[in-house]
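Hi,

Here is the structure I promised to pass on. Have a look at it first, and then read my notes below.

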Amino acid sequence: MKNYYLEDGTKLTVDESKPLGSGGEGTIYLHASDPSVLLKIYKKQALKRSSDLEDKVRAMVEKKPRLLHHKGLTIIAWPQRLVYDSGRHFVGYLMSRVDAKNNLSHVITPGLQKKKFPKLTFYDRVVISINLALVMDYLHKNESVIGDINTSDFFVYPGLQIGVVDTDSFQVKNEDGKVYHCNVFTPDYTPPEVVRATKNKDKRVERTPNNDNYGLAILIFQTLMMGVHPFSARIKKPTFDGNAINYCMEKEIFPYHTSDPDIIPPKNAMPFSFFPKELQELFIKAFEPYKPDHERPTADNWVQSLRTLKESLKKCRKKKAHQYPDHFKKCPICLREKTKDHDSLQKHFTKISTLLVTYKTDSQPVVVKENEYLYQTLSGRVFKTKKRKEHALMFSEKRLRQYRLDKRIEKFHKDTPKALKPHVLTPEKLIYKDDDIVGYTFKAHNKLYKLTTFLKSTKFGKQKITLKTRVHAARKVASLFKTLEKLRTPVELHHLFIDEHQNILIPDIAFLKKSDEVNPVHFDKEAHTPQEHYYAKAWEKYQEELEAEEEEAAEAAAEETRVLDVPEEEEEDFAFEESYTTRVQQDMEEGLEVPPRVESYDEHGIETLRFALAVIIHQIIHKVHPFSGTFNGTEKPKSYFIEHNVYLHMQHTDEADISKKAILVEAFPGPYQRAMKKALHIEDPPHIKRPSPTRWERLLGKVERGLKACEKSAYHRYHRRMRSCSVCAEEQAEKNADKRAFYKEAEKRPVDYAISSNRLVNKGLLAAALLGLLFWVNTHGTIGVEALDAFADNLATIQVYFEVGLLFALVALIWVATLIVNIFRDRRISKSRRRLIWKNVRGNLIYASLFIVVGVFWL
């Protein structure tokens, strides 16, 4: 037995030989005379580590919630009195006991749930989720933040009430507003912004209720989903090799609501369509990528939504213990008992669910099948409707509010440009909810995939995504830009989607430009803004500096003492022609930096669109943005290279180089290289002329036809100008310098084309000889001595054959000379290539000698 004391001197006796539990911070003991009271005694290391621990516990005692118990049950094990040792040193605190044997992990983990809660139903899971949210809501209203959310701190009573322990790790404020931080966190329940902050700073990151709301959403998801974590997934990316939960949480990808086809829910998960739409939207909002103004669903939001679900649950006719959401015709839990395969259940759920929602439109009502979700676009989600030939795009609440999509789509609904209709999902009927536009219907189309996601994949259905596929997609984009250029409508790579037939479409028409009233929505404007934007700003600034200098000079001249009285200037119809050239020359002679003369910039101009086209083509074919690179080994923003007009390919500058992930432009033919440089690098700023979409379409067509398959990999395609597969070399190369060295070595040179042509000549000679022989046999019927004597009498024929033989011999000798010259000129030819060349030379000499001998013989 050991004695401890309260502040007023009251003695507390505990049996240290029988602790109830122990952790890294301290040990829990039962009060000897009152089993409903517990003492937490901190370890010495914990007291040394946290110097303000006593102050924090004191602040919690002084600011404890009013409701710690409910109907005889301890709801929150909150510190109620400070505890001291015999030397009056702070050692811990007194709290009420949460007398529940099972924590939340016994509900969430399927194996433990079968032992601890064998009769637990889905209805019970909903009740537990509501109680979790109620406790969390009460704590937040008391200005407390849990911070370290995990399953071991929530206990479940037999009646499914919730008790919270380990409260001394909460983040709290004292009466003076001082914050006592939560210094620990559990990665699987902590939002990514907190994890990032703790890595960048120390562990003392101020938490908010919004952070707790993230962990609460995970706990509710796991409770309702029979233990499956919301970020657990099957990741089909060939480069992925790690923990799926960590990957998805770090990348902020919710597997049940992502456009990435390579990330799908785990095999044992219940399909997301099991939840009603309202609950789905709460989970999507809770797990969407974080932004500073992003508010996740609060605990109260969850309470309201879960109570609605609880009241609407239907009972199964076959098994009374089964209760399920009312949008199902049949019991989905019965199906779940037969198979736990997610993909199989998803197909069955689509058949047995009846989530039909009728919306008003500007004409006839439309019935949307909200459980038959097809794909996601930038502005919302596409669903099937009751009409087979019609689909509905429903805007996401966030995008609708952020970009006023209701106002934008009205403009396009009234008047969609005719030339644009084949490339967009043209709105036919506007969908209304409570008199507000929430989406629109369009003619049914094949499923669309985000082009950026498509390019990251290795397969598209049964088709392999190779360089040829990329070039083909880029050619389709160039074709689309012919229309966009006429309409002066800029787009970015994010706007573009692709269907199963590799057609490029823009599903989110509301994000495009519509006359001067509706400007386009940019998601990465900086990366698609050309050099002339920066030149125009620099020129404007330069002009302002010149004007300021002129004003200063005029003021200085006015203050000088004049010998003659100069009358003040009067307004006359007379003015000298001004020239900026003289001043520019003066500044340049003085060594001052003079910007290029670009007086204006049109963000919807033809050259701006052509720059964006080149950027998109580069991203599709070369895998990275053309201005994504490093300067002196340091990564710089894209705008830095655009502003300074730095072309990152072909070692244009020694200090700058493109990203290592890029397929270098040297792997493609010369016309393509020149077109890409002309589009991305400005030689003469006042006279900018980039390649047109038509020019790109033709060039890419030639490049596509010039690609051939690799002998080693079915996924590799490379251009014929290379002697071996450039993709294989790129995968093995560690630096861009290694890639360039390979291109230099593997690039076909004149000698290679000479060899190819030589082979054709040799084959031609053989074919001519065979044709001559056939002609002879066909004419004379025999090749005996008599026929030869008869033929020898015809001197004219002999002359012709002799001349033809000498001509072929001369051609063969010229090719021999060409090959020999090329060998001596190109010292980089490998030994194997030299052997091949000499083999062709020998063949040519043999053919030439043969024709000369035959000609002389006949003569």
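Two strands pair if DSSP finds at least two bridges between them. Helices (H or I, at least four residues) and strands (E, at least two) are DSSP runs, numbered from the N terminus. This is a predicted model, where local features need pLDDT of at least 70, side-chain atom pairs count only at pLDDT 80 or more, and totals for chains, interfaces and linings use all residues. Residues are numbered from 1 along each chain as its sequence is written, and side-chain values use heavy atoms, leaving out hydrogens and water.

Let's start with strand 24 (residues 436-443). Strand 22 (residues 390-395) runs antiparallel to strand 24, and five bridges join them, with Glu390 opposite Lys443. Strand 23 (residues 429-433) also pairs with strand 24 in the antiparallel sense, over five bridges; here Lys433 faces Asp436. Two residues sit between strands 23 and 24 in their hairpin, and Asp434 has a positive phi near 55 degrees there. Six of strand 24's eight residues are buried, so the rest of the structure largely encloses it (buried means under 20% relative accessible area, exposed over 50%, partly exposed in between, with a 1.4 Å probe and protein chains only).

Now to Val615, which is part of helix 19 (residues 606-622). Val615 counts as buried because its relative accessibility is 0%. Beyond its neighbours within four places in sequence, Val615 is in contact (heavy atoms within 4.5 Å) with Ala527, His528, His625, Pro626 and Leu680. Leu493 is 122 residues from Val615 in sequence, yet their C-alpha atoms are 8.6 Å apart.

Cheers
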